[in-house]
Amino acid sequence: MTGARHLLTIGQLAGYAGTTVKAVRVYHDRGLLAEPPRDDSGYRRYDAGHAIQLVKIRTLAEAGVPLARIKELLTAGPDRFAAAVDEIDLALSRRAQEIDRARHRIAQLRGGDRLFVPAKVAGYLELLRENGISERTVRLERDLWILMRGAAPEPAEGWIDGKLEAVADPEFLELYRDYDAAFGWSADDPRLAGVAERTRRWYAGRATGPEPDPRDPVIAQLAALTAAASSPAWARIATLARTG
């Protein structure tokens with residue numbers, strides 16, 4: 001029993017190896033570190049062999065070796081050890097590349113609209129925000145651009161040029177603000193007729209440029225669904241502007 005006083009408790013073992021009691025217990029559960037029997041006082045006592053094994057385990061774990069492969073490396077010969085390390089290094093390299101790609105996607109998310117729409121469209125949406133258009137309406141228009149780009153990617157690139165030209169017109173911006181304000185109006189609000197008439201006159205008087213063709217069944221359906229789902233008042237304005 002005299003020698004037993006020189007053995008280590010689990011806390012002393014963990015401290016000696018620079019790890020934690022919780023980690024030691026995990027290594028026991030994984031079969032990486034042998035668990036000694038309890039002594040007469042009910043404590044488990046660890047010797048120098050346990051301490052050496054624990055240091056090896058901790059070193060491999062800190063180097064990035066998965067716990068599932070540490071046992072293999074602890075018993076491997078030099079050639080197998082080198083081959084296993086190369087395999088682990090390759091896996092870690094691939095994981096690092098995945099992390100880099102994920103961080104790149106996170107960085108793109110910080111760009112907001114630019115993740116979902118072309119730079120020109122994102123710039124147009126930002127101009128709307130700067131000119132007092134509500135975030136609700138900006139997001140609805142962004143979503144419609146996403147849908148249109150998916151349905152007709154090539155024409156969508158040309159349509160945005162017309163939108164950028166329009167947003168530079170103070171009359172268009174004033175009309176757009178009124179359109180934005182009408183979002184929650186009733187579909188039979190008498191003010192809608194005035195907004196619709198101004199919309200019709202503005203489009204009739206502007207130089208024609210590339211615009212979504214309302215005869216295109218896909219574009220017409222997307223526009224109709226967006227207007228109807230978002231605001232009955234907007235759907236009514238569209239109807240009045242076409243028939244006025």
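Predicted model: local features only at pLDDT ≥ 70, side-chain atom pairs only at ≥ 80, totals over all residues.
**Entry 1: a word to settle before looking**

I call a residue buried when its relative accessible area is under 20%, exposed when it is over 50%, and partly exposed in between. Is His28 buried or exposed? I looked up its relative accessibility and found 11%, so His28 counts as buried.

Next I asked where His28 sits, and I found it in helix α2. Which residues does His28 touch, once its neighbours within four places in sequence are set aside? I noted Leu33, Ala34, Glu35 and Tyr46 as its contacts.

**Entry 2: the whole chain**

I stepped back to see what the chain is built from. I counted twelve helices and zero strands. Reading along the sequence, I wrote the pattern down as α-α-α-α-α-α-α-α-α-α-α-α.

I then checked how much of the chain is tucked away: of its 244 residues, 29% are buried. The chain exposes about 15000 Å², and carbon and sulfur atoms supply 56% of that area.

Helix α1 covers residues 10-17 and helix α2 covers residues 21-29. Their axes come within 8 Å and cross at roughly 100 degrees. An angle of 65 to 115 degrees counts as roughly perpendicular, and α1 and α2 are therefore roughly perpendicular to each other.

Which residues make the contact? On the α1 side I listed Ile10, Gly11, Leu13 and Ala14, and on the α2 side Val21, Val24 and Arg25. I sorted the residues of this contact into five nonpolar, one polar and one charged.

**Entry 3: charged partners**

I turned to charged side chains. Side chains of opposite charge can pair when their charged atoms come close. How many salt bridges does the structure hold? I found 18 salt bridges, and I looked at some of them one by one.

I marked Glu135 as partly exposed at 34% relative accessibility, and Arg139 as partly exposed at 40%.

I then looked at Arg201 and Glu197. Their closest N and O atoms are 3.6 Å apart, and they form a salt bridge. Arg201 and Glu197 both lie in helix α10 (residues 191-205), four residues apart, about one turn of the helix. Arg201 is partly exposed, with a relative accessible area of 46%, and Glu197 is partly exposed with 27%.

My next pair was Arg142 and Asp143, whose side chains meet in a salt bridge at 3.1 Å, N to O. Is Arg142 buried or exposed? At 13% relative accessibility, I put Arg142 down as buried. Asp143 has 33%, so I put Asp143 down as partly exposed.

Last, I traced a group that goes beyond a pair. Which residues are linked in a network of salt bridges? I wrote down Arg69, Glu72, Arg80 and Glu87.

Technical notes: Residues numbered from 1 in each chain as written. Heavy atoms only, no water. Axes fitted to C-alpha atoms, helices over the stretch in contact; angles between N-to-C directions. Helix = DSSP H or I, 4+ residues; strand = E, 2+ residues; numbered from the N terminus. Parallel < 35°, antiparallel > 145°, perpendicular 65-115°, else oblique. Contact = heavy atoms within 4.5 Å. Nonpolar A, V, L, I, M, F, W, Y, C, P; charged D, E, K, R; others polar. Salt bridge = Lys/Arg side-chain N within 4 Å of Asp/Glu carboxyl O. Buried < 20%, exposed > 50% of the residue type's maximum accessible area, 1.4 Å probe, protein only. Areas by Shrake-Rupley, 256 points an atom, 1.4 Å probe, with all protein chains shown as cover.
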